[in-house]
Amino acid sequence: MRVVRDTAINVILRPAAFFQTMPRRGGFRTPYVFLLVIGLFDMLLLSLFEVLAAGPTAGLAFAVHAFVLAPLALTLSGFVLTTVFFVFWRLMGSSQSYETAYRTFAYSYAISPVTTIMGFIPYLTLAGLVWWFALLIVASVYVHGISRLKAVAVFAALGLAMTIFVTRAEHYVMRHGLTRPVAHMGRPASRTRMPPSSI
């Protein structure tokens, strides 16, 4: 756990230095465990939010479902998203392996608990997305040897597309009363919007 914590802190506070020194090889186990631990911590945060919003019973039920499904979801989404980014990195000129791409994605997930907390506040999800794509740009430069200009152009375009999607989704949720501020947790749980991880 200490290794995961220290790695996450380095990614969050010193991303350029971290990705410059990130091992390109070493197997999938270490980055997968990192991704899994960070993802489960995410689920813990969401479970606590559910306890505050809907009570201990609902919070426990959410936690049970989340912790049962989270490992499978993290495993599948990790490899699927890595495949997508691997294709983009290769098209941009990267010569790194799929394993390196997986490591890049897994460690970029370090910010997820922070962006999950940010997601409790409507529209701050967008700041989390910007942060994540900024990390991917840094990783593209220092891990995959892609020029900064090219990395910014590609990931800015991807980020813009996702930002438009998230903005419309947030607007729809707010407009139809499907969310409420955290400060008003005394209202029925049916009007609570569970803030998904920004990543």
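A: Here we go, and keep in mind that this is a predicted model. Let's begin with Ala106: leaving aside neighbours within four places in sequence, Ala106 is in contact with Pro31, Phe34 and Leu35.

Q: Which helix does Ala106 lie in? And is Ala106 buried or exposed?
A: Ala106 belongs to helix H5. With a relative accessibility of 0%, Ala106 counts as buried.

Q: How far apart are Ala106 and Val33, in sequence and in space?
A: In sequence they are 73 residues apart, while their C-alpha atoms are 9.1 Å apart in space.

Q: Let me zoom out a bit. How many helices and strands does the chain have?
A: There are 8 helices and 0 strands. Read from the N terminus, the order is α-α-α-α-α-α-α-α.

Q: What share of the residues counts as buried?
A: 43% of the chain's 199 residues do.

Q: And of the contacts between residues at least 6 apart in sequence, what share joins residues at least 24 apart?
A: That share is 73%.

Q: OK, back to H5. Where does Tyr98 sit, and what does it touch?
A: Tyr98 is in helix H5 too. Not counting residues up to four places away in sequence, Tyr98 touches Phe28, Phe79, Thr82, Thr83 and Phe86.

Q: Speaking of rings, how many aromatic pairs does the structure hold?
A: It holds 17 of them. One of these is Phe86 with Tyr98, an edge-to-face pair with 5.5 Å from centre to centre and 75° between the planes.

Q: Which parts does the pair of Phe86 and Tyr98 tie together?
A: Phe86 is in helix H4 (residues 56-91) and Tyr98 in helix H5 (residues 98-108), so the pair links parts that are 12 residues apart in sequence.

Q: What about Trp89 and Phe155, how are their rings arranged?
A: That aromatic pair is tilted, at 6.3 Å centre to centre and 55° between the planes. Trp89 lies in H4 and Phe155 in helix H8 (residues 148-175), so this pair ties together parts 66 residues apart in sequence.

Q: Are Trp89 and Phe155 buried or exposed?
A: Both Trp89 and Phe155 are buried. They also belong to one aromatic cluster, formed by Phe85, Trp89, Phe105, Tyr109, Trp132, Phe133 and Phe155.

Q: Nice. Switching to charges: how many salt bridges are there in the whole structure?
A: A search finds 2. In one, the side chains of Glu99 and Arg103 meet, N to O, at 3.5 Å. In the other, Asp6 meets Arg5 at 3.1 Å, again N to O.

Q: How are Glu99 and Arg103 placed along the helix?
A: Both lie in helix H5, 4 residues apart, about one turn of the helix. As a rule, an α-helix has 3.6 residues a turn, so residues three or four places apart point the same way.

Q: Last one, on H3 itself. What span should its 26 residues have, and what does the model show?
A: Helix H3 (residues 29-54) should span 38 Å at 1.5 Å a residue, and its end C-alpha atoms are 37 Å apart, which agrees.

Q: And what happens just after H3?
A: There, Gly55 takes a positive phi of about 105°.

Terms used: Residues numbered from 1 in each chain as written. Predicted model: local features only at pLDDT ≥ 70, side-chain atom pairs only at ≥ 80, totals over all residues. Heavy atoms only, no water. Phe/Tyr/Trp six-rings, centres within 6.5 Å; stacked < 30°, edge-to-face > 60°. Helix = DSSP H or I, 4+ residues; strand = E, 2+ residues; numbered from the N terminus. Buried < 20%, exposed > 50% of the residue type's maximum accessible area, 1.4 Å probe, protein only. Expected span 1.5 Å × (residues − 1). Contact = heavy atoms within 4.5 Å. Salt bridge = Lys/Arg side-chain N within 4 Å of Asp/Glu carboxyl O.
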